[in-house]
Amino acid sequence: MQGRNRNFKVTEQENVPTGRHGKHRDITSRILDDLDGLEAGMSLKIPLSELPDTKANIRSALNRASRKHGKSLGTAADEDYLYVWNSEPENRQVG
């Protein structure tokens, strides 16, 4: 099929990027890193003005990232801050 006309360009597979590095990767990584050393009963207090996107989009990105890393998080927000803390899974089964 060498002479075939294609609709799209062709590249070698070794040139194809693997993995997904979304636009929220930096902020979610920073938050998850800070949560790793956070004492029980404490919360991160993140100014909304320092977020690179809306709090709803950051919360969604955190939810995806935390599930990927097997973590359970809680979040809340007010007019000025996003609060994030480590929480226990609600449906945790002890076996």
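Within the largest nonpolar core, which has 14 residues, the members that touch the most others are Ile31, Leu35, Ile46 and Val84. Helix 1, strand 1, helix 2 and strand 3 are the elements that each give two or more residues to this core, and helix 1 supplies the largest share, namely four residues. The model described here is a predicted one.

**Geometry and faces of helix 1**

- Helix 1 runs over residues 25-36, and because 12 residues at 1.5 Å a residue should span 16 Å, the distance of 16 Å between its end C-alpha atoms agrees with expectation.
- The residues of helix 1 that are buried are Ile27, Thr28, Ile31, Leu32 and Leu35, and they lie on the same side of the helix because they cover an arc of only 125° around the axis.
- An α-helix has 3.6 residues a turn, so residues three or four places apart point the same way.
- On the face turned away from the buried side, helix 1 carries the exposed residues Asp26, Asp33 and Asp36.

**Packing of the buried side**

- The partners against which the buried residues of helix 1 pack are strand 1 (44-47), helix 2 (55-68), strand 2 (73-77) and strand 3 (81-86).
- Apart from neighbours within four places in sequence, isoleucine 31 is in contact with Leu44, Ile46, Leu62 and Val84.

**Histidine 24, before helix 1**

- Histidine 24, which lies in the segment before helix 1, counts as buried because its relative accessibility is 11%, under the 20% cut-off.
- The side chain of histidine 24 makes a polar contact of 2.9 Å with the side chain of aspartate 53.
- Once neighbours within four places in sequence are set aside, the contacts of histidine 24 are Asp53, Asn57, Ile58, Ala61 and Arg64.

Methods
Residues numbered from 1 in each chain as written. Predicted model: local features only at pLDDT ≥ 70, side-chain atom pairs only at ≥ 80, totals over all residues. Heavy atoms only, no water. Expected span 1.5 Å × (residues − 1). Buried < 20%, exposed > 50% of the residue type's maximum accessible area, 1.4 Å probe, protein only. Arc of directions from axis to C-beta. Contact = heavy atoms within 4.5 Å. Core = buried A, V, L, I, M, F, W, Y, C linked by side-chain atoms within 4.5 Å. Polar contact = N/O pair within 3.5 Å; in protein donor to acceptor, adjacent residues only side chain to side chain.
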